[in-house]
Amino acid sequence: ITERKRAEEEIQLKNAELERFTYTVSHDLKSPLITIKGFAGAMESDLRSGRYERLAGDLKRINSAADKMSVLLSSLLELAAVGRVINAIEAVDMNLLVDEAITLFADSLMLGKLNIQVQPDLPTVFCDRIRMAELIQNLLENAIKYMGGQAAPRILVGTRRDEEDIILFVQDNGMGIEKKYQQNIFGLFNKLDSRSEGAGIGLTIVKRIIEVHHGRVWVESEGLGMGSRFCFTVDKSMRKIKG
């Protein structure tokens, strides 16, 4: 009976998540469609009345809305692939994986705009190497994106241990996250700054990758201007290999 109740509760949670997902997708895809239809109508009106000088602006807005829809659809396909494509689980040295991810930001590092530090002796993790690399890259990109006006941006990749797990984290000294937003930050298309680049799906992908690995992911922040620390675990099999 206990197992049945647990299974029923899990199904209810998944159904609720699917309902929120469907609503979010339909809402965000509807917005550029409304823009396209509206300015297509404006172009039709301008053509009839001979106001050709307005056509270039209308066409620019239509192209912008179409580009936004393309980004959203590509992001949804990427998110779907995370839960569907499962690569071989292998022992991955997180020291090497993080170093590889950091090389993607070589330009910023060479210009002195960014200081990324990595604690020594990160654990070896049994995981999907490709997905874990994607997770680290997304967390680093997120930290850089939300540095705000920080003059000396710093990122720390490290590890700590609690009573049950080895925890990996990516910490920054950026704009921080208010408590009221910390539960929703991993939601689809949720962005703290609507002006930032991207579709707002990076942290959703991080959450999905961790779910596939049966782990936990959460954010710690004291609030605006206090920086953020994104923490995650990967099941009970996360451990450092000795010998």
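Student: Why is Ser228 called buried?

Tutor: Buried means under 20% relative accessible area, exposed over 50%, and partly exposed in between (1.4 Å probe, protein chains only). Ser228 has a relative accessible area of 5%, so Ser228 is buried. This is a predicted model, in which local features need pLDDT of at least 70 and side-chain atom pairs count only at pLDDT 80 or more, while totals for chains, interfaces and linings use all residues. Residues are numbered from 1 along each chain as its sequence is written, and side-chain values use heavy atoms, with hydrogens and water left out.

Student: Where is Ser228, and what does Ser228 touch?

Tutor: Ser228 lies in strand β7; strands (E, at least two residues) and helices (H or I, at least four) are DSSP runs, numbered from the N terminus. Leaving out residues up to four places away in sequence, its contacts (heavy atoms within 4.5 Å) include Val170, Asp172, Ile177 and Glu220.

Student: What makes the largest nonpolar core a core?

Tutor: A nonpolar core is a set of buried Ala, Val, Leu, Ile, Met, Phe, Trp, Tyr and Cys residues joined through side-chain atoms within 4.5 Å. The largest one here has 36 residues, and Leu135, Ile136, Leu140 and Phe232 have the most contacts inside it. Among the elements giving two or more residues are α3 (94-102), α5 (129-145) and β7 (228-232). Helix α5 gives the most, six residues.

Student: Which residues does Ile136 contact beyond four places in sequence?

Tutor: Met94, Leu97, Val98, Ala101 and Phe232.

Student: Why does Cys127 count as buried?

Tutor: Its relative accessibility is 0%, so Cys127 is buried.
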